[in-house]
Amino acid sequence: MQAALFDGKTLKLTDCSLRKPAADEVLVKVSACGVCGTDIKIVAGKSAATPPVILGHEYCGTIEKLGNQVKNVSGGNFVSVDPNIYCGECRFCRTGKINLCENLMALGVDIDGGFAEYCLVPAKQCYQLPTSMNPIHAVLMEPLSCAVYGFQKAGIQSGNSVVIVGGGMIGLLMLKLCRLSSARQIIVVEPDEDRQATLEKSGADIVIDPNDETYTQSILDITRDGAEVVIECVGSSTAVEQSYHLLKRGGRLVIFGVSPSDQHWTVSPYELFRNDITVTGSFLNPFTFQTAVDLVTADKIRLDDIEIKTFPLNRIHDAFENQIQQKSMKTVIDLNL
Ligand SMILES: [Zn+2]
Ligand SMILES: [Zn+2]
């Protein structure tokens, strides 16, 4: 079968062979697989992986074969795959912090993933989806599950002002989740004009351009001295610092964007203390994949209105380039093309 294999230096389309599923595995015929910022970082040598490995960790497909001990899914099921595999045995797993698992392995990062015609998946990582769901939207289940965790950590309460900094794919999913809360107002900070229009259509109360010099003051004015919750979805120390300055006293900052590991941000401990500020990270998707699936299947979160550019597997390099240039909200490899 054809697959996009990362050999530690480059990503190459390769003819790979497949073994039979083990007792607890299923063979998934991949329908679609999203290109994530992490894939780009892995190939650029800026994010860890275990090569040689087939990349792609946001994917869905149909189950073709089952190991003889699989019970939770059946042949023909259309499933989304949670790529993050926790050991269940380490101290973190045993205290409910599975995203911090010391032996964490991820499909498409450490084990062969979804940029391929087929993929072997531990059955427990599969979540059944309605067969009517379009695969190119179903790949968003993984990023949505991560956004659900960030949303939970934000702890939005009735009447809160919420600011989402960054209106890309994750900022948009976060906006859709925040719309389910009883926040008083949801403000999104995003410079790109096309994205601004999308965010307004998706329910942002106000979209603000960070290139406008007075934008921080505008947000402080609109929110009456700052937001109770600010969710940073950009991934840079500058964005985190700007986000921090949008908080009201007693506010909570969720760092969702993945900043480069060598960036830092200077903050006054006195201010954190005196203003009773909470700063939290949001890493992966512990116990939130089912929630993401449920929200989408119950039509509480719509994914079918998100602008997606698709590529066949043999144009994976063009797809990566599209993602790097951010030419569309999302880039997806469609195995049916
Ligand atoms: Zn990802
Ligand atoms: Zn563990």
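**Local features of the predicted model**

Pro-52 is situated in the loop that joins α1 and β4, where helices (H or I, at least four residues) and strands (E, at least two) are DSSP runs numbered from the N terminus. The peptide bond leading from Pro-51 to Pro-52 is cis, its omega being near -5°. The model is predicted, so that local features need pLDDT of at least 70 and side-chain atom pairs count only at pLDDT 80 or more, whereas totals for chains, interfaces and linings use all residues. Residues are numbered from 1 along each chain as its sequence is written, chains are lettered from A and ligands numbered from 1 in the order in which they are written, and side-chain values use heavy atoms, with hydrogens and water left out.

The zinc ion (ligand 1) is coordinated by Cys-36 through SG and by His-57 through NE2, at 2.1 to 2.3 Å. Distant parts of the chain are linked by this pair, which is 21 residues apart: Cys-36 belongs to the loop between β3 (25–35) and α1 (37–43), and His-57 to the loop between β4 (53–54) and β5 (58–66). Donors are N, O and S atoms within 2.8 Å of the metal (3.2 Å for Na, K and Ca); water is not among the atoms, so sites may look incomplete. Cys-36 and His-57 are both buried, a term that denotes under 20% relative accessible area, with exposed over 50% and partly exposed in between (1.4 Å probe, protein chains only).

Two helices were examined for burial. In α5 (residues 169–178), nine of the ten residues are buried, so this helix is largely enclosed by the rest of the structure. Among them are Met-169, Gly-171, Lys-176 and Cys-178. In α8 (residues 237–244), the buried residues are Ser-237, Ala-239, Val-240, Ser-243 and Tyr-244. These fall within an arc of 160° when viewed down the axis of α8, so they line one face of the helix; the arc is that of the directions from the helix axis to the C-beta atoms. The cover over the buried residues of α8 includes β11 (161–165), β14 (227–232), β15 (247–255) and α9 (269–274), contact being defined as heavy atoms within 4.5 Å.

Leu-272 forms part of helix α9. With a relative accessible area of 25%, Leu-272 is partly exposed. Residues up to four places away in sequence not being counted, Leu-272 touches Tyr-244, Val-267, Ile-277 and Val-279. Between Leu-272 and Gly-250, the C-alpha to C-alpha separation is 9.0 Å in space, and the two are 22 residues apart in sequence.

Positive phi values occur in two loops. Leu-284, a residue other than glycine, has a phi near 60° and lies between β16 (278–281) and α10 (289–297). Leu-284 counts as buried, at 17% relative accessibility. Gln-326, which is not a glycine either, has a positive phi of about 50°; this residue is placed in the loop between α11 (316–324) and β18 (330–334). Gln-326 is partly exposed, its relative accessible area being 48%.

The second largest pocket is lined by 17 residues, those nearest its centre being Arg-19, Glu-25, Ile-111, Asp-112 and Leu-120. Strand β9 (residues 118–122) contributes the most to this lining, with four residues. On a 1 Å grid over the protein atoms alone, a pocket is an open set of points where a 1.4 Å probe fits, with protein on both sides within 12 Å along at least five of seven lines, and lining residues have an atom within 4 Å of a point.
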